[in-house]
Amino acid sequence: MQRLMSGMRPTGALHLGNWAGALANWVTLQRSFACYFMVADWHALTTGYEDTSGLEESTAEMVMDWLSLGLDPEAAVIFRQSMVKAHAELYLLFAMVTPLGWLERVPTYKEQLRELAEREVATYGFLGYPVLQAADILAYRAEVVPVGQDQSSHVELTREIARRFNHVFGTALPEPEARLTPSPVLLGTDGRKMSKSYGNTITFRDSAQEVTAKVRGMVTDPARVRRTDPGTPEVCPVFALHRIYNPEGAEEIARGCRTAALGCVACKAMLAERLNAALEPVRERRFALTARPGLVEEVLAAGSARAAAEAEVTLGALRAAVGVR
Ligand code: TRP
Ligand code: SF4
């Protein structure tokens with residue numbers, strides 16, 4: 001089996017956008033590859049080092065959501081970055097061969113520097129973010145890395161680091177390939193990209209009532225002012241969710257919207273019903289899993305031990321090639 005690695009920063013409870021943007025893909029791939037799925041808690045430090053009080057809880061919440069959504073710790077290795085110290089050692093070795101210019105050119109670096117100007121991110125650790133990511137991937141000699149488009153430059157840099165390291169030390173690290181998430185960006189309740197930082201998410205922990213209320217409050221086609229105005233479903237975030245969660249009904253809804261036969265209130269009620277039907281089994285699974293105290297800790301301990309053993313194989317070869325212990 002080919003080896004596959006991916007990670008997520010611990011953002012806490014997952015939302016529909018996380019599912020569409022990553023996890024659905026992971027769940028599909030978990031039985032076709034030897035998979036390593038990681039909570040990137042060290043990566044979370046690169047921009048959030050001032051307040052780390054929530055790390056433990058958001059890690060546990062996220063892993064619980066992974067499990068409720070169908071990631072299987074028997075099939076995939078599920079672990080936490082900071083529990084596998086080899087990542088730090090590999091990061092150090094890679095740092096030696098990575099030219100500064102490569103890192104300064106990474107688009108996410110330039111962007112974030114601008115966006116997070118008010119927070120202090122002009123740090124060494126932040127610049128080194130993709131080197132750490134290269135260590136995550138190459139510790140498992142992964143060939144496939146399922147990620148969103150925003151991460152493709154990091155995978156590209158990982159290939160360059162692998163190539164350079166192999167060239168300098170005569171090692172045989174594979175050059176991994178990004179496997180881009182098939183689904184497009186999911187829109188949130190306000191019509192912007194669904195994101196925790198925008199506060200526009202629908203999460204897998206929302207109760208049926210909460211989901212219904214959030215959907216009721218969603219923005220629609222702004223040009224559709226009166227009930228009798230025809231709408232344009234293509235610009236409506238409610239319709240975008242119908243497409244995903246109500247694929248068979250979407251065409252009829254589009255027609256009803258365009259002809260003003262269907263009102264937004266009824267359209268939203270239908271969406272809420274479909275969403276709740278999709279979320280209910282996830283809620284039930286989480287409820288069943290919460291009855292097993294210590295589950296997340298157990299999964300992470302077992303997964304991290306498996307990951308550490310595999311990373312040690314890589315590190316053993318690299319240390320020898322470099323000539324260090
Ligand atoms: N940087 C990734 C993100 O922000 C998370 C991540 C860390 C990752 N290490 C990784 C993804 C290794 C893929 C492979 O989404
Ligand atoms: Fe959006 Fe539905 Fe209203 Fe059309 S009817 S604008 S798709 S909410």
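## Terms and basis

Buried area is the accessible area, taken with a 1.4 Å probe, that two parts lose on being put together, summed over both. The model is predicted, and local features need pLDDT of at least 70, side-chain atom pairs count only at pLDDT 80 or more, and totals for chains, interfaces and linings use all residues. Residues are numbered from 1 along each chain as its sequence is written, and side-chain values use heavy atoms, with hydrogens and water left out.

The chain is divided into domain 1 (3–185 + 293–322) and domain 2 (206–288), with bounds that come from an automatic or database domain assignment. The contact between them (heavy atoms within 4.5 Å) takes seven residues from domain 1 and six residues from domain 2. The centres of the two domains, taken over C-alpha atoms, are separated by 35 Å.

About 580 Å² is buried between domain 1 and domain 2, and carbon and sulfur atoms give 63% of this area. On the side of domain 1, Leu16, Ser68 and Leu69 lose the most area to domain 2, together 69% of what that side buries.

One salt bridge is counted between domain 1 and domain 2; the term denotes a side-chain nitrogen of Lys or Arg within 4 Å of a carboxyl oxygen of Asp or Glu. The side chains of Arg286 and Asp65 form a salt bridge, at 2.9 Å from N to O.

## Salt bridges in the structure

Side chains of opposite charge can pair when their charged atoms come close. The structure holds 18 salt bridges. One of them joins Glu310 and Arg3, whose closest N and O atoms are 3.0 Å apart. This pair links distant parts of the chain, with Glu310 in helix α14 (residues 295–322) and Arg3 in strand β1 (residues 3–8), 307 residues apart. Helices (H or I, at least four residues) and strands (E, at least two) are DSSP runs, numbered from the N terminus.

Glu310 is buried at 18% relative accessible area, and Arg3 is buried at 17%; buried means under 20%, exposed over 50%, and partly exposed in between (1.4 Å probe, protein chains only). Glu310 also meets the side chain of Arg141 in a salt bridge (2.6 Å, N to O). Arg141 lies in the loop between α8 (129–138) and β4 (144–147) and Glu310 in helix α14, so this pair ties together parts 169 residues apart in sequence. Arg141 is partly exposed, at 23% relative accessibility.

Technical notes. Chains lettered and ligands numbered in written order.
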